[in-house]
Amino acid sequence: MAEEQALIRVKDLRKDFGSNHVLRGINYEIQKGQKIVLVGPSGCGKSTFLRCMNLLEVPTGGEVWLDDVQVNDPKTDINKVRQRMGMVFQHFNLFHNLTIMDNITLAPVKLGLMNREEAQEKALQLLRRVNLADKADAYPHSLSGGMQQRIAIVRSLEMNPEVMLFDEPTSALDPEMVGEVLDVMTELAEEGMTMVVVTHEMAFARQVANKVLFIDQGVIQEENAPEEFFAHPKNPRLQDFLSKVLK
Amino acid sequence: MDSLSSQFYKAFVKNNRWMLYIKGLGSTLEVTLFAALLGLVLGTLACLFNMKRGRSGKRTVGSAIAYVYIDVIRGTPTMIQLLIMWNVIMAASKNKILVASLAFGINSGAYVAEIIRGGIQSVDPGQMEAGRSLGLTRIQTLKNVVLPQAFKNCFPSLMNEVITLLKETSIAGAVGLAELTHASDMVSSATYQYMMPLLGAAVMYFAVVKLMSFLFGILENKLKESDMR
Ligand SMILES: Nc1ncnc2c1ncn2[C@@H]1O[C@H](COP(=O)(O)OP(=O)(O)O)[C@@H](O)[C@H]1O
Ligand SMILES: [Mg+2]
């Protein structure tokens with residue numbers, strides 16, 4: 001019997017920045033509903049990997065597939081692909097010139113996916129879920145980092161994405177705000193969202209991830225379920241890495 | 001030598017000459033306004049094309065054209081551009097306001113393009129990335145997110161460019177446009193006296209520049225208040 005095709009398939013993904021060979025052949029498949037956590041030392045290419053998936057970086061070689069669409073095929077309409085993949089950034093990147101409501105509704109309205117009323121109604125529902133409905137008319141600068149990041153997540157969810165990419169979503173936050181963002185992500189995971197998360201929050205990885213990947217020297221060095229990954233790391237560099245982040 | 005009061009009388013009062021200056025100032029303002037609007041539109045377009053790159057990272061044809069436009073305009077004297085517009089490109093037109101507005105607008109556009117480029121580069125690249133990651137096109141993200149922030153960032157420089165433009169139109173007398181400097185020239189030739197007409201024109205330029213700076217200052221503060229960040 002044919003196994004169901006993975007939602008995301010990455011084949012021999014390579015990315016060079018000039019002579020810096022950052023990704024040197026990444027192979028991985030992500031099933032619908034899976035939560036994957038990526039860890040690795042700073043500069044190992046975690047962000048580059050994520051950004052190659054939605055073509056914010058154009059891979060030097062290899063293939064990225066979303067269902068049966070090759071993301072990095074020049075003939076693919078990348079904007080259509082990106083509508084299906086949400087991305088949450090370390091620095092939130094809310095649109096400074098727009099209110100929270102407009103931040104959330106801009107894309108679906110401009111892309112003709114919803115009319116303004118539908119978009120606003122859905123935005124309000126989502127904002128209620130993260131307890132920020134009262135901030136709809138505020139501008140991003142007036143909100144805390146934790147609030148901004150929850151709204152950035154809402155902005156992605158408004159598009160009904162099939163997968164969400166998180167690039168160190170809590171790294172720029174004051175410690176007391178990390179929890180509120182992780183809570184939203186955990187809830188999202190429980191609802192079945194497919195998620196690829198770069199994070200240093202190992203507790204989150206243990207609790208939420210189906211698989212944890214260790215990236216180093218441009219390839220996936222180790223892949224395992226979280227219990228095994230943290231309890232019995234095999235790769236010496238992973239052991240070294242874990243001893244630093246877990247202490 | 002005439003007394004000062006007699007010079008003043010000849011320069012401004014006799015034959016209702018003050019009207020010449022007022023009309024001249026009117027033409028100056030007219031050309032400045034049209035040229036500033038044309039410059040803003042041209043400059044924005046030129047900037048966007050100039051910054052555009054194809055998938056391979058190379059310039060597109062449109063980008064190359066924009067680059068050459070900006071480069072050539074900034075590398076040649078405004079006076080030459082004006083004379084080319086009057087004597088060559090628009091030689092068939094007798095509408096001096098139109099010709100001068102075109103020449104100065106095209107000139108200003110090149111400088112505006114560079115100002116806006118600075119404005120865009122001062123916007124966090126994460127803004128564009130966030131827009132693109134949602135599936136918005138580059139143009140949609142520019143229009144709704146990046147440009148509003150860029151214009152705000154470079155508003156003072158843009159207003160400065162309008163003031164520069166106003167003063168630059170003083171060379172438009174070369175194609176016979178009766179702007180303010182030209183008006184003072186005409187009075188000088190009629191009276192064989194230079195000081196009063198030139199002083200009069202200078203005072204009027206200065207007054208307009210000060211008034212514009214004042215108004216732009218208010219606008220700038222409004223923009224800051226309406227803010228954001
Ligand atoms: N746009 C870029 N241009 C040049 N080098 C880059 C660029 N983005 C990332 N790099 C380089 O690629 C490597 C991996 O970066 P990144 O993916 O951001 O690492 P990580 O997210 O794991 O910390 C680093 O050496 C970084 O300097
Ligand atoms: Mg990173």
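Accessible areas here come from the Shrake-Rupley method with a 1.4 Å probe, and for residues only the protein chains shown count as cover. This is a predicted model, where local features need pLDDT of at least 70, side-chain atom pairs count only at pLDDT 80 or more, and totals for chains, interfaces and linings use all residues. Residues are numbered from 1 along each chain as written, chains are lettered from A in the order written, and side-chain values use heavy atoms, without hydrogens or water.

**Exercise 1.** Work out how much surface chain B has and how much of the chain is buried.

*Solution.* Next, look inside: of the 229 residues in chain B, 46% are buried (under 20% relative accessible area, with a 1.4 Å probe and protein chains only). Finally, the box: along the principal axes, the C-alpha atoms of chain B take up roughly 75 × 45 × 25 Å.

**Exercise 2.** Describe how helix 3 and helix 5 of chain A meet.

*Solution.* Find helix 3 at residues 100–110 and helix 5 at residues 145–157 of chain A; their axes come within 8 Å and cross at roughly 25 degrees. Angles under 35 degrees count as roughly parallel, so these two helices of chain A are roughly parallel to each other. Now pick out the residues: A:Ile100, A:Asn103 and A:Ile104 from helix 3 meet A:Ile151, A:Val154 and A:Arg155 from helix 5 (contact means heavy atoms within 4.5 Å). Sort them and you get 4 nonpolar, 1 polar and 1 charged.

Conventions. Axes fitted to C-alpha atoms, helices over the stretch in contact; angles between N-to-C directions. Helix = DSSP H or I, 4+ residues; strand = E, 2+ residues; numbered from the N terminus. Parallel < 35°, antiparallel > 145°, perpendicular 65-115°, else oblique. Nonpolar A, V, L, I, M, F, W, Y, C, P; charged D, E, K, R; others polar. Buried < 20%, exposed > 50% of the residue type's maximum accessible area, 1.4 Å probe, protein only.
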